[in-house]
Amino acid sequence: MNFQLGLIGYPLGHSLSPKIHKAALRSCGLEGDYSLFLVHPENHQRLKSLLARVRSGELTGLNVTIPHKQNVIPLLDELTPTAKAIGAVNTIFIQKDKLTGDNTDAPGFLADLRRFLTAETWRNRNTNWALVIGAGGAARAVFYSLANSGWKVTVTARCPEQAQDLIAQFPIFDDRLSNIKYHPNAICSLTSDLSLIVNATSVGMSPDIHSSPWPDGLAFPENAFVYDLVYNPRKTKLFKDACNAGLPAATGLGMLVEQAALSFEIWTGHTPPRDALIAAVH
Ligand code: NAP
């Protein structure tokens, strides 16, 4: 079989996905390719015609990124429970003749996070708080995966209505969720209870490499793990500040690889070796 894969988004200039998926094809000994499909936010016709190519079998499957993760949903036949709960799709495939949307960002984040956390931090996830900074698309996937695996989660965003909307989307986890103001005093009042801080904003991403979403001058909690979804640069200011404060920390390259590997498994049924994928983008 020849696996024709690709990514829909706009812009796509710096996408690492082709390198990751081509390494996956190579290391699994499969034939195929991974192409970039630039689709302008207003170009619904092109979006529809790419999905028709998946339906016809010409394309095996597609990844979806900004700005189409939500607007592909009405064009699909079915969503997996994860994609439905998050309200966003990053992987499209055919299942039992139905054009189906899944979201591998959520399990990808959790799988990478679990590699770093101590057994004790993981065990205490329902007593300590995780703080998610940001309330955009990636924050929803992170928020869902944490709440769904038992964490108490609080979200902070510069637009409080967005943080409130995010919580309202998950009434099932209501008793374990909260939101706080994106203000040093509000964050400070919570720091002693935090065991995990996740940056799900784009703050710190290249070329804005000297910025951090963590408030200036505010000490980090003593025992928290800091996970920055941003992976460009590999060492963000938040990551470096956390390390300098003696905290364990990671940036988002592992999540990027993990979500890609999970999409690849859905499309091909093969499990690509994670080391080979990481090596392809280092
Ligand atoms: P998005 O939907 O555009 O959301 C971005 C969020 O960041 C919004 O809440 C936005 O707030 C907030 N934000 C932007 N600038 C800010 C600032 N100066 N101060 C405070 N908040 C700010 O983007 P996304 O898809 O969620 O992606 C967010 C980041 O995660 C990106 O850097 C992306 O590369 C990264 N990401 C990584 C992975 C991975 O696999 N590692 C996967 C997905 C995303 P407003 O709405 O107020 O602008």
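The conversation below walks through a predicted model of a protein chain with a ligand.

Visitor: What should I know before I look at the numbers?
Guide: This is a predicted model, in which local features need pLDDT of at least 70 and side-chain atom pairs count only at pLDDT 80 or more, while totals for chains, interfaces and linings use all residues. Residues are numbered from 1 along each chain as its sequence is written, and side-chain values use heavy atoms, with hydrogens and water left out.

Visitor: Which residues come nearest to the ligand?
Guide: Of the 20 residues around the ligand, these are G137, A138, R158, L229 and G252. A residue counts as near if one of its heavy atoms lies within 4 Å of the molecule.

Visitor: How much of the ligand does the protein bury?
Guide: Taken alone, the ligand exposes 920 Å², and the protein buries 74% of that. The areas come from the Shrake-Rupley method with a 1.4 Å probe; for residues, only the protein chains shown count as cover.

Visitor: How do the shell residues divide by type?
Guide: There are 12 nonpolar, seven polar and one charged. Here Ala, Val, Leu, Ile, Met, Phe, Trp, Tyr, Cys and Pro count as nonpolar, Asp, Glu, Lys and Arg as charged, and the others, Gly among them, as polar.

Visitor: Let us turn to the core. Which residues touch the most other members of the largest one?
Guide: In that core of 36 residues, they are F109, L113, V132, F143, L146, V153 and Y227. Helix α6 gives the most to this core, with seven residues. A nonpolar core is a set of buried Ala, Val, Leu, Ile, Met, Phe, Trp, Tyr and Cys residues joined through side-chain atoms within 4.5 Å. Buried means under 20% relative accessible area, exposed over 50%, and partly exposed in between (1.4 Å probe, protein chains only).

Visitor: And what is in the second core?
Guide: That separate core has 22 residues and includes Y34, F93, A260 and F264.

Visitor: Back to α6. Is L146 buried or exposed?
Guide: L146, which lies in helix α6, is buried, with a relative accessible area of 0%. Leaving aside neighbours within four places in sequence, L146 is in contact (heavy atoms within 4.5 Å) with residues including F109, L113, V132 and V153.

Visitor: What about S145, buried or exposed?
Guide: S145 is also found in helix α6, and at 4% relative accessibility it counts as buried. A polar atom of the S145 side chain lies 2.9 Å from the backbone oxygen of V142. Beyond neighbours within four places in sequence, S145 is in contact with A106, F109 and L110.

Visitor: New topic: which peptide bonds are cis?
Guide: The bond from I66 to P67 is cis, with omega near 10°, and so is the bond from S206 to P207, with omega near 10°. P67 lies in the loop between β3 (61–64) and β4 (78–79), while P207 is found in the loop between β10 and β11. Most residues other than glycine have a negative phi, and most peptide bonds are trans.

Visitor: Which residues other than glycine have a positive phi?
Guide: Among them are K96, with a phi of about 45°, and D97, with a phi of about 65°. K96 is in the loop between β5 (91–95) and β6 (98–102), and D97 lies in the loop between β5 and β6.

Visitor: Are those two buried or exposed?
Guide: K96 is exposed, with a relative accessible area of 79%, and D97 counts as exposed at 71%.

Terms used: Helix = DSSP H or I, 4+ residues; strand = E, 2+ residues; numbered from the N terminus. Polar contact = N/O pair within 3.5 Å; in protein donor to acceptor, adjacent residues only side chain to side chain.
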